[in-house]
Amino acid sequence: MKGKILVVEDHPSSRAGLEALLRTQGLEVASAGNAKQAFAELARFRPDLLLLDVMLPDLTGFEVCRRIKQDAQTRLTPVVLVTGLSATEDRVQGIEAGADDFLTKPIDRSELMARVSSLLSLKAYTDELERAEAVLFALALSIEAKDPYTRGHCERLAEYSVLLGEHQGLPEEEITALRRAGFLHDIGKVAIPDHILLKAGPLTSEEDLILREHPCTGEQICAPLKSFRAVLPIIRHHHEKMDGSGYPDGLKGKKIPLTARILQIADVYDALTTKRPYKPAFPPTEALDVMEDEVRKGWRDPLLVKEFRQLVEGNVNLFAPESQPETGATSPREFSPQFAWHDYFRKILSWRGAPEID
Ligand SMILES: [Fe+2]
């Protein structure tokens, strides 16, 4: 068995016993006697799994677990709560804190090893999935970085879409999909030659046909990841129009998925409020007027545009890009902690010599 386990147990002999048992299975082990040490070891040792005693001298195991699950850096690390308590309410409290599994004292050796083995396999799978997702996000950011005028666009788009989705009361799964789609919606552009993608003048009809392939190409790129299931319709349909004149499927009205209609609105608003080679940055009120013109043309969802206007007018600071792309300043507000690694990939891109994204 391979993996790194952090044992958090205040009782020295129990801690030593667990450490010894796990080491005999070939596992790497670190330990902590209280919550403070546990957080320090989490940062230093980066375990694949925690065995966490519920009764600690400084914080309860429930609270430690809750903090681990709220932190973007550690939320995917499985936590097994080790408890002497068997009452249902303690299990409920553990589940609410985000615990992945439970062990009751005295710990049964074979039960312990079975759970450790199963959770380590799950963690290995999650790590693999995270790596695949991270590659896709890095790819999407590298496409964005090609065009200095769209720097920061994906991040703002994700942010605006999430705000509008939350305003609509969408479930968490769709909010997550909107956040991801903000970055990934144009990933299919990786297959578009630069002379088309970066062309300053109007496209020929042949070039336009090639550009119009990007929603389907993007869907194909992301399709193998099951966790991106809710993102696929947004990627595929982000260029549809309410009157059916969009692409790739010419969907009309509510046949266009709601999440795709939301992303479009955020996309258009960001394009209007930032400077492009062919236009200045419009102030928010002017951008909203243009979007209402597009409603009259039959392109956008009238109700969503109306609600977006209310949202922007009530939160102007969240919807005003603080900078134009060429200034290199940061995005409107700190991004969601779930995307803390986004900064990491921005660094990777800059190390590789790609232009700074923000
Ligand atoms: Fe697009």
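This is a predicted model: local features need pLDDT of at least 70, side-chain atom pairs count only at pLDDT 80 or more; totals for chains, interfaces and linings use all residues.
Residues are numbered from 1 along each chain as its sequence is written, and side-chain values use heavy atoms, without hydrogens and water. Local features need pLDDT of at least 70 and side-chain atom pairs count only at pLDDT 80 or more, while totals for chains, interfaces and linings use all residues.

The iron ion is coordinated at 2.1 to 2.2 Å by Asp-186 (OD), His-214 (NE2), His-238 (NE2) and His-239 (NE2). Along the chain, these donors (N, O and S atoms within 2.8 Å of the metal, or 3.2 Å for Na, K and Ca) follow the spacing D-x27-H-x23-H-H.

Helices α13 (residues 284–296) and α14 (residues 302–314) pack with their axes 10 Å apart, at an angle of about 170°. The two are therefore roughly antiparallel, the term for angles over 145 degrees. Residues of α13, including Leu-288 and Val-295, meet residues of α14, including Val-305 and Phe-308; such contact means heavy atoms within 4.5 Å.

Helix α6 (residues 153–167) has 15 residues, of which 13 are buried, and reaches 21 Å from its first C-alpha to its last. Gly-169, which follows α6, has a positive phi near 70°.

Terms used: Helices (H or I, at least four residues) and strands (E, at least two) are DSSP runs, numbered from the N terminus. The expected span of a helix is 1.5 Å times one less than its number of residues. Buried means under 20% relative accessible area, exposed over 50%, partly exposed in between (1.4 Å probe, protein chains only). Axes are lines fitted to C-alpha atoms, for helices over the stretch in contact, and angles run from 0 to 180 degrees between N-to-C directions. Angles under 35 degrees count as roughly parallel, over 145 as roughly antiparallel, 65 to 115 as roughly perpendicular and the rest as oblique.
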